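Here's a quick briefing to read with the model open next to you.

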Amino acid sequence: MSATEPTSPHVMNTYGRLPIALERGQGCRVWDTNGKAYLDGLGGIAVNTLGHNHPELVPALAEQLGRIIHSSNYYHVPGQETLAARLTALAGMTNAFFCCTGLEANEAAIKLARKFGHGKGIEKPQIVVYEHAFHGRSIATLSATGNPKIQAGFGPLLEGFIRVPLNDVDALKRATEGNPNVVAVMLETIQGEGGIHEMRADYLKQVRALCDANDWLMMIDEIQTGIGRTGKWFAHQWAGIVPDVMSLAKGLGSGVPVGAVLAGPKAADLFQPGNHGTTFGGNPLAMRAGIETLRIMEKDGLLDNAAKVGAHLKGALQAAFEGVAGVKEVRGQGLMLGIELDRPCGVLLGRACEAGLLFSVTADSVIRLVPPLILTIAEADEIVALLAPIVKAFLAEPAQ
């Protein structure tokens with residue numbers, strides 16, 4: 001049978017899609033509709049925590065499908081309390097609101113910050129955000145995002161955001177000095193879409209101290225970094241701090257859409273009935289996915305695996321690209337790694353696909369690897385074996 005190239009003529013042209021359609025998966029491998037196999041270094045963009053077709057997750061979800069998929073937030077959903085209790089215990093926080101996506105979680109966080117400000121008599125609350133940040137594509141989260149390219153064509157953007165550079169506490173102090181309208185600082189511990197830029201642990205501690213001193217909310221977007229990706233449940237835990245608000249999604253449901261915003265004591269009671277809501281968020285199927293994901297992760301030691309295999313993969317990538325002209329840096333933590341090149345490298349997506357490897361490119365010139373947390377050492381070595389020759393051949397070509 002000859003290979004066929006999938007098309008989607010009735011679907012809005014919002015993605016620069018590669019010419020494949022994935023049909024099934026097993027562990028860290030997927031197969032397209034033509035039967036070609038790929039090693040999954042993308043994990044659905046940090047979503048498929050447990051890989052594909054997990055032998056414990058799939059039966060649990062099938063069992064839940066046979067009970068009830070969706071009810072409504074007019075009624076109690078027992079799984080919400082179970083998952084909220086587990087997440088807040090892991091985070092040292094107070095309560096949770098469940099939604100479907102990271103965008104919704106960040107939207108809820110922004111609303112919490114504004115409600116917090118209005119409660120203090122601030123008519124026009126302002127939130128500090130960061131260069132290179134990515135918080136979503138709604139008008140509010142797009143306004144908080146630090147990428148002019150994806151903001152273009154959607155103005156006017158929402159007011160109320162102050163933008164500062166990463167890891168520069170003096171810049172943060174200057175940007176907020178004498179401003180009584182500041183209510184929160186919103187940041188990613190590692191900026192995913194922005195190019196795998198890391199916030200230093202000492203800087204996170206300084207921000208925490210500033211928020212405490214000024215009665216601001218510290219809001220951490222752990223949508224891509226959370227749920228064990230860096231080797232701790234949440235990446236900010238490497239700095240030994242606790243935020244006031246934390247947004248989660250991506251890996252929380254291992255492929256089932258689950259988003260959450262967690263609140264600590266300063267923000268726990270800001271939302272009251274009628275202040276916020278969702279139709280699909282927190283439904284029984286989504287909650288079962290989140291509960292089972294956390295249970296399996298803990299049982300199988302996936303935080304330790306992410307730390308161990310991630311460190312091995314990072315070291316192997318650094319060794320493979322040492323001294324290679326055009327490779328600027330290998331950075332990241334756990335199984336969230338980026339390889340920055342000195343030129344745009346989107347063309348590598350198709351070349352890697354042909355070689356049987358999936359990943360993404362962010363910030364035009366950063367190869368992003370966010371594979372399932374079940375990745376083995378052998379599979380990490382396979383990623384390097386597939387990726388290194390493709391990158392080296394690309395860099396040997398004349399720069400466009």
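Lys-328 is exposed, at 55% relative accessible area, while Glu-340 is buried at 16%; here buried means under 20% relative accessible area, exposed over 50%, and partly exposed in between (1.4 Å probe, protein chains only). The two residues form a salt bridge, with their closest N and O atoms 3.6 Å apart. This is a predicted model, so local features need pLDDT of at least 70 and side-chain atom pairs count only at pLDDT 80 or more, while totals for chains, interfaces and linings use all residues. Residues are numbered from 1 along each chain as its sequence is written, and side-chain values use heavy atoms, with hydrogens and water left out.

**Salt bridges**

- A salt bridge here is a side-chain nitrogen of Lys or Arg within 4 Å of a carboxyl oxygen of Asp or Glu, and a search of the whole structure turns up 21 of them.
- Arg-295 pairs with Glu-56 at 3.1 Å, N to O. That pair links distant parts of the chain, 239 residues apart: Arg-295 sits in helix H9 (residues 284–299), and Glu-56 in the loop between helix H1 (43–46) and helix H2 (57–65).
- Helices (H or I, at least four residues) and strands (E, at least two) are DSSP runs, numbered from the N terminus.
- Both partners of that pair are partly exposed, with Arg-295 at 36% and Glu-56 at 27%.
- Arg-295 also meets Glu-292 in a salt bridge, at 2.9 Å, N to O. These two both lie in helix H9, three residues apart, or about one turn of the helix.
- Glu-292 counts as buried, at 9% relative accessibility.
- Back to the opening pair: Glu-340 is in strand S14 (residues 336–341) and Lys-328 in strand S13 (residues 327–333), so their bridge ties together parts 12 residues apart in sequence.
- Salt bridges that share partners join Glu-56, Glu-63, Arg-67, Arg-288, Glu-292, Arg-295, Lys-299 and Asp-300 into one network.

**Cysteines**

- How many disulfides are there? The count is zero, taking a disulfide as a pair of cysteine sulfur atoms within 2.5 Å.
- Cys-28 is in no disulfide, and the nearest cysteine sulfur, in Cys-353, is 17 Å away.
- For Cys-353, the closest cysteine sulfur is in Cys-345, 15 Å off and too far for a bond.
- Cys-28 is buried at 2% relative accessible area, and Cys-353 is buried at 7%.

**Pocket and cavity**

- On a 1 Å grid over the protein atoms alone, a cavity is a set of points where a 1.4 Å probe fits but cannot get out, and a pocket is an open set with protein on both sides within 12 Å along at least five of seven lines; lining residues have an atom within 4 Å of a point.
- Grid points are joined across faces, edges and corners, and a volume is the space filled by probe spheres set on the points.
- The second largest pocket has a volume of about 810 Å³. Its lining has 31 residues, with Asn-73, Gln-80, Ala-96, Phe-97 and Phe-98 nearest its centre.
- Helix H3 (78–91), strand S4 (95–99) and strand S12 (259–263) each supply at least two residues of that pocket's lining, and H3 gives the most, with six.
- The whole structure has one cavity of 30 Å³ or more, and the largest cavity holds about 30 Å³ of space.
- Leu-18, Leu-349, Ala-352, Cys-353, Leu-357, Leu-358 and Phe-359 line the largest cavity. Helix H11 (348–355) gives the most to that lining, with three residues.

**Loops and backbone**

- Gly-155 and Pro-156 are joined by a cis peptide bond, with omega about 0 degrees. Pro-156 lies in the loop between H6 and S6.
- Phe-154 is in that loop too, between helix H6 (148–151) and strand S6 (161–164), and is partly exposed at 48%.
- Asn-167 has a positive phi near 55 degrees without being a glycine, and is buried at 17%.
- Asp-364 is not a glycine either, yet has a positive phi of about 70 degrees; this residue is partly exposed at 44%.
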